[in-house]
Amino acid sequence: MDPVSQLASAGTFRALKEPLAFLRALEWLFAIFAFATCGGYSGGLRLSVDCVNKTESNLSIDIAFAYPFRLQQVTFEVPTCEGKERQKLALIGDSSSSAEFFVTVAVFAFLYSLAATVVYIFFQNKYRENNRGPLIDFIVTVVFSFLWLVGSSAWAKGLSDVKVATDPKEVLLLVSACKQPSNKCMAVHSPVMSSLNTSVVFGFLNFILWAGNIWFVFKETGWHSSGQRYLSDPMEKHSSSYNQGGYNQDSYGSSGGYGQQASLGASSDEFGQQPSGPTSFTNQI
């Protein structure tokens, strides 16, 4: 039997059924989707400038752009509709910082979640042998949750800027020939941003996964177990003091008022002798 079959037969992969390892596997998968949809993007738009002199027109002006979205470096040429001269333009904006930060967080989250999943599956005993492993795991989970929130928010703002800068109507405003009413300028093709929109969604989904996993990682740390001991000790002391208090049934039964029935009986006997007084008084008369 090969080693993989032995591990599977021994129940090693049962760790994936636990929330800790299962969420790590989901984080690994969602991190792939996040950096693939953003880092692998390439798109473009197409413009049309129809001059009065048809020989000067250009009805197919292609403008291509891609990750990391340094749009100010994307240049293109358009006709001026004044002879054979061409006007060289560039897109406006630079969203490379937010895009690169988002992809960097996704790549490191992918690597860490993969490594953590391997540790959960094959080295679970060593992971729980002392408190150092869970503490490091807990701190890294909190840090990545914060980074996913910041990175996704920053990239959402950066994507909004990219959409504005690559809008064909906004690009046509840069063309001087389009400012003349005699020339006709049109947007032939707009860029498709569906994959970039998906990357933002996966970014916030990763934040939800990592933030939700904080509790399950925290349960593995010594902080959680010490907190449980701290709560259980006062409860034990309170229950022991309650059992030793004045509500002891034996002492209550031995010294309680129900033991006074004998004295009550004696007093009733004394009261029973009172009729003898009046009888002797009539005899004397």
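The dialogue below covers the sheet, the hairpin, a surface patch and a record annotation.

Modeller: This is a predicted model, where local features need pLDDT of at least 70, side-chain atom pairs count only at pLDDT 80 or more, and totals for chains, interfaces and linings use all residues. Residues are numbered from 1 along each chain as its sequence is written, and side-chain values use heavy atoms, with hydrogens and water left out.

Biologist: In what order do the strands of the open sheet stand?

Modeller: Strands (E, at least two residues) and helices (H or I, at least four) are DSSP runs numbered from the N terminus, and two strands pair if DSSP finds at least two bridges between them. Here three strands form an open sheet in the order β2-β1-β5, paired antiparallel. Because β2 (58–66) and β5 (184–189) each have a single partner strand, they are the edges, and one side of each has no neighbour in the sheet. From one strand to the next the twist averages 25°, with axes fitted as lines to C-alpha atoms and angles between N-to-C directions running from 0 to 180 degrees.

Biologist: How many bridges join β1 to β5?

Modeller: Five bridges link β1 (residues 42–50) with β5. Within β5, M186 is the residue opposite S48.

Biologist: And the hairpin: which residue takes a positive phi there?

Modeller: C81 does, at near 60°, in the hairpin of β3 and β4, which has six residues between its strands. Antiparallel β3 (residues 75–79) and β4 (residues 86–90) are joined by five bridges, and P79 has R86 as its bridge partner.

Biologist: Which residues make the nonpolar surface patch?

Modeller: A patch takes residues with over 30% relative accessible area and no salt bridge, joining nonpolar side chains (Val, Leu, Ile, Met, Phe, Trp, Tyr) within 5 Å and like charges within 9 Å. A salt bridge puts a side-chain nitrogen of Lys or Arg within 4 Å of a carboxyl oxygen of Asp or Glu. Areas are Shrake-Rupley values with a 1.4 Å probe. In this model W28, L29, F33, L114, V118, F122 and F123 make a nonpolar patch of about 560 Å². Helices α2 (19–39) and α3 (96–122) each give two or more residues to the patch.

Biologist: Is L114 buried, partly exposed or exposed?

Modeller: Buried means under 20% relative accessible area, exposed over 50%, and partly exposed in between. L114, in helix α3, is partly exposed because its relative accessibility is 36%. V118, also placed in α3, is partly exposed at 35%.

Biologist: Which residues does UniProt list as "transmembrane region"?

Modeller: The unreviewed entry lists 21–42, 101–123, 135–156 and 200–218; such annotations may be inferred rather than shown by experiment. In the model, residues 101–123 are 96% helix and 0% strand, with end C-alpha atoms 32 Å apart.

Notes. Buried < 20%, exposed > 50% of the residue type's maximum accessible area, 1.4 Å probe, protein only.
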